[in-house]
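I opened the model to follow strand pairing first, and then side-chain contacts and aromatic rings. My entries are below, in the order of looking.

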Amino acid sequence: MKYSIKGEPLPVVICDLEPNEVMITEKGAMSWMSPNMKMETSTNGGIGKAFGRMFSGESFFQNRYTAVGGIGQIAFASSFPGSIRAYEITPDNPLIVQKSGFLASESTVELSVFFRKKLGAGLFGGEGFIMQKLSGHGMAFVEIDGYAVEYELREGESIIVDTGYLAAMSATCTMDIVSVPGVKNALFGGEGLFNTVVRGPGKVVLQTMPINAVAGAIRPFIPTGN
């Protein structure tokens with residue numbers, strides 16, 4: 001498979017597939033494709049895995065697209081202004097992504113639910129108790145809200161992340177929550193009561209325009225009906 005990512009901040013990834021190559025995506029992610037791309041909708045792994053994907057923010061069913069009879073092309077567009085990033089998934093390098101962050105992948109990549117080991121991080125850290133795990137092997141495409149900034153944390157290194165700004169991290173990273181120090185800081189600082197701490201080793205992908213921040217910014221300007 002060959003691919004190109006075009007059009008930020010409203011990006012699309014265009015994939016050119018060899019004959020019989022297969023890609024998977026969630027419902028509604030396909031934007032355009034060549035006539036020889038065959039679509040099949042299935043639970044892709046059974047009812048159990050389908051329910052797991054649903055809890056992680058994706059749909060119950062997945063669509064499989066196969067290039068039939070020759071080279072095929074298919075495009076997947078982001079659902080929100082931002083970035084699309086490509087990541088090579090291997091058995092020893094799975095990736096944890098934010099809820100609904102998965103866009104599309106080669107069929108050899110498996111999407112499953114990822115639960116936080118520490119309940120506090122999910123309830124108060126702002127990133128959600130349930131995330132998505134991409135495992136197996138192959139290329140995967142992830143949606144990023146806004147611009148993506150990547151850090152490579154060494155063993156013992158950490159970074160403090162505000163609510164919603166964590167887009168993805170290596171499965172080798174761990175995360176926890178810490179309270180904002182000081183009563184005045186917590187109550188009047190405008191940053192909330194808790195932050196998420198991500199510790200290495202591994203890659204951390206941050207995003208500059210999380211959807212929840214955008215929603216909060218425009219909420220005062222949305223008229224309410226009587």
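I looked up alanine 104 and found that its bridge partner in β13 is phenylalanine 141; strands here are DSSP runs of E with at least two residues, numbered from the N terminus. The model is a predicted one, where local features need pLDDT of at least 70 and side-chain atom pairs count only at pLDDT 80 or more, while totals for chains, interfaces and linings use all residues. Residues are numbered from 1 along each chain as its sequence is written, and side-chain values use heavy atoms, with hydrogens and water left out.

I then noted that β10 (residues 102–106) and β13 (residues 138–145) run antiparallel and are joined by three bridges, and that phenylalanine 102 stands opposite valine 142 in β13. On β8 I found antiparallel pairing with β13 over eight bridges, with tyrosine 87 having alanine 140 as its bridge partner in β13. Two strands pair if DSSP finds at least two bridges between them.

I traced the open sheet as six strands in the order β5-β6-β3-β10-β13-β8, with antiparallel pairing. β5 (37–42) and β8 (82–89) stand at its edges with a single partner strand each, so one side of each is left without a neighbour in the sheet.

For burial I used relative accessible area, with buried under 20%, exposed over 50% and partly exposed in between (1.4 Å probe, protein chains only). In β13, eight of its eight residues are buried.

I next checked serine 83, which is found in strand β8 and is buried at a relative accessible area of 1%. A polar atom of the serine 83 side chain lies 2.8 Å from the backbone oxygen of glycine 146. Leaving out residues up to four places away in sequence, serine 83 touches Glu8, Pro11, Val142, Glu143, Ile144, Gly146, Tyr147 and Ala148, where contact means heavy atoms within 4.5 Å.

How many aromatic pairs does a search of the whole structure find? I found two, taking rings of Phe, Tyr and Trp (its six-membered ring) as paired if their centres lie within 6.5 Å, with planes under 30 degrees apart counted as stacked, over 60 as edge-to-face and the rest as tilted. Tyrosine 3 and phenylalanine 141 form an edge-to-face pair, 5.1 Å centre to centre with 75° between the planes. Tyrosine 3 lies in strand β1 (residues 2–6) and phenylalanine 141 in strand β13, so this pair ties together parts that are 138 residues apart in sequence. Tyrosine 3 is partly exposed at 36% relative accessible area, whereas phenylalanine 141 is buried at 0%.

How values were computed: Helix = DSSP H or I, 4+ residues; strand = E, 2+ residues; numbered from the N terminus. Polar contact = N/O pair within 3.5 Å; in protein donor to acceptor, adjacent residues only side chain to side chain.
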